[in-house]
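Work through the two exercises below with the sequence and the model side by side. Each task is followed by a solution in steps.

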4 protein chains.
Amino acid sequence: MTYESRITVRGYELDSFGHVNNAVFLNYCEEAQWQILRKKNLYDYFFRNSLILVVAGVEIRYIKEARVFDELVVRTRLKREAPYLVFHHVIRHATTDEIIARARIKTVLVDGERTPHDVPDSFVE
Amino acid sequence: MTYESRITVRGYELDSFGHVNNAVFLNYCEEAQWQILRKKNLYDYFFRNSLILVVAGVEIRYIKEARVFDELVVRTRLKREAPYLVFHHVIRHATTDEIIARARIKTVLVDGERTPHDVPDSFVE
Amino acid sequence: MTYESRITVRGYELDSFGHVNNAVFLNYCEEAQWQILRKKNLYDYFFRNSLILVVAGVEIRYIKEARVFDELVVRTRLKREAPYLVFHHVIRHATTDEIIARARIKTVLVDGERTPHDVPDSFVE
Amino acid sequence: MTYESRITVRGYELDSFGHVNNAVFLNYCEEAQWQILRKKNLYDYFFRNSLILVVAGVEIRYIKEARVFDELVVRTRLKREAPYLVFHHVIRHATTDEIIARARIKTVLVDGERTPHDVPDSFVE
């Protein structure tokens, strides 16, 4: 299953080169992940069980620059690669459909003592 | 040659999980890169020639969490892998020497029209 | 005339206290200002004339905390108080209509040499 | 008593106008405040008692632009104006001593239920 979230580039997200700063794309990916947690009612489940989804690794390729007011579509697929939950994001320009960036975010669900926990099945199905 | 820069974690860099947010580590890497540009007097050279060093790709692994007031050491090696200039960063805790994160930032030097330019030899030697 | 823009709180905008960090509200105000520039076609006008709207002063009161996924409405009025252009923002919770913050952002339009320029009449009318 | 903290402008803190973004100065002020909490051993005290210092209001005037690599000195005085604890920051350029910005940050110490608490005397003396 593919999730979709939309993000419009904000003026303060540009750096001194006039384009979206590379680190900001990780914010966009994180936002897409929060949206998915929310749609699946996992945000409350995690909160009640003091679980957090921590990022263990990121691979991201920047293909085209994004600029102010650009509307972006983030399409996300989840894969369980135990003990990791991996988010595959493709960020496209909403109107031209050009790929802006591709990211692979490897996360692990942990409790307060940083012990890994199983990701609920409902999360990946 | 290895470059070294130091960064102390700031309170506002923590996210709601109480640790440094994953995207902030890309800020730390970028800061290390700016420091290297500066030491090599390349910042002025780039500025005068309207060249910018854009990030083409990032691979980063998060090994340990960083928390407020932690002092971090970023050790950086540069490699030319034409047409890319690649920064290899190892971020360690300054007192315990534990590795916090490892990153590989692939950059390319471009002009205003986004045409790739050769990186001056002095940059990599 | 009152402008309106909408912002949904993103997870990475929370700080370690679990609420939107105080500095992030200035990002929200700036975003509202960019939206207004855009609606009035002033972004292109400023860009072509190398003009930028710099912030000279801010007064902001934080009335209620904002949390992840909160939908906010930013209502903005502009006043010319020569040589300043002042944005008055009221940020409310979209569903409860509660006031989250009030801000007064004093800006001045300057060119590359930081000489103040008149704000086009069409901007304030 | 006046506290002093030092901050060097980082490249990623610049916005598309090539200067430090207005919201980033609130980060600098917050950082100065965390440093003061730390020097006074209040960070642990607050943490143990589940108290947080929330920002109730900000007034800031931007006097000169700050640019990449600028070294800044933040000098801070605290005043108790019950129920508020107010931080008065003056941010200067470290070498020229020029004033970059002046800020007044009004905070209130609250517990988990957002009930205001007295600020320990040792904090203001």
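**Exercise 1.** Determine through which surface chain A and chain C meet, and which rotation relates them.

*Solution.* The copies meet through the same surface, because 100% of the interface residues of chain A are also interface residues in chain C. The contact takes 10 residues from chain A and 10 residues from chain C, where two residues are in contact if their C-beta atoms, placed from the backbone, lie within 7 Å. On the side of chain A that touches chain C there are 4 nonpolar, 2 polar and 4 charged residues (Ala, Val, Leu, Ile, Met, Phe, Trp, Tyr, Cys and Pro count as nonpolar, Asp, Glu, Lys and Arg as charged, and the others, Gly among them, as polar).

Next, chain A is superposed on chain C by a rotation of 180° with 0.0 Å of shift along its axis, at an RMSD of 0.0 Å (least squares on the C-alpha atoms of residues with pLDDT of at least 70 in both). That is the relation of a two-fold axis. Of the residues of chain A, Ile7(A) comes closest to the rotation axis, its C-alpha lying at 5.4 Å.

This is a predicted model, in which local features need pLDDT of at least 70 and side-chain atom pairs count only at pLDDT 80 or more, while totals for chains, interfaces and linings use all residues. Residues are numbered from 1 along each chain as its sequence is written, and chains are lettered from A and ligands numbered from 1 in the order in which they are written.

**Exercise 2.** Find which element gives the largest share of the side of chain A that touches chain B.

*Solution.* The contact takes 15 residues from chain A and 15 residues from chain B. The largest share of the chain A side, 9 residues, comes from E2(A) (strands are DSSP runs of E, at least two residues, numbered from the N terminus). E2(A) pairs with E2(B) in the antiparallel sense over 5 bridges (pairing requires that DSSP finds at least two bridges), and Glu59(A) has Glu59(B) as its bridge partner.

Key
Helices (H or I, at least four residues) and strands (E, at least two) are DSSP runs, numbered from the N terminus.
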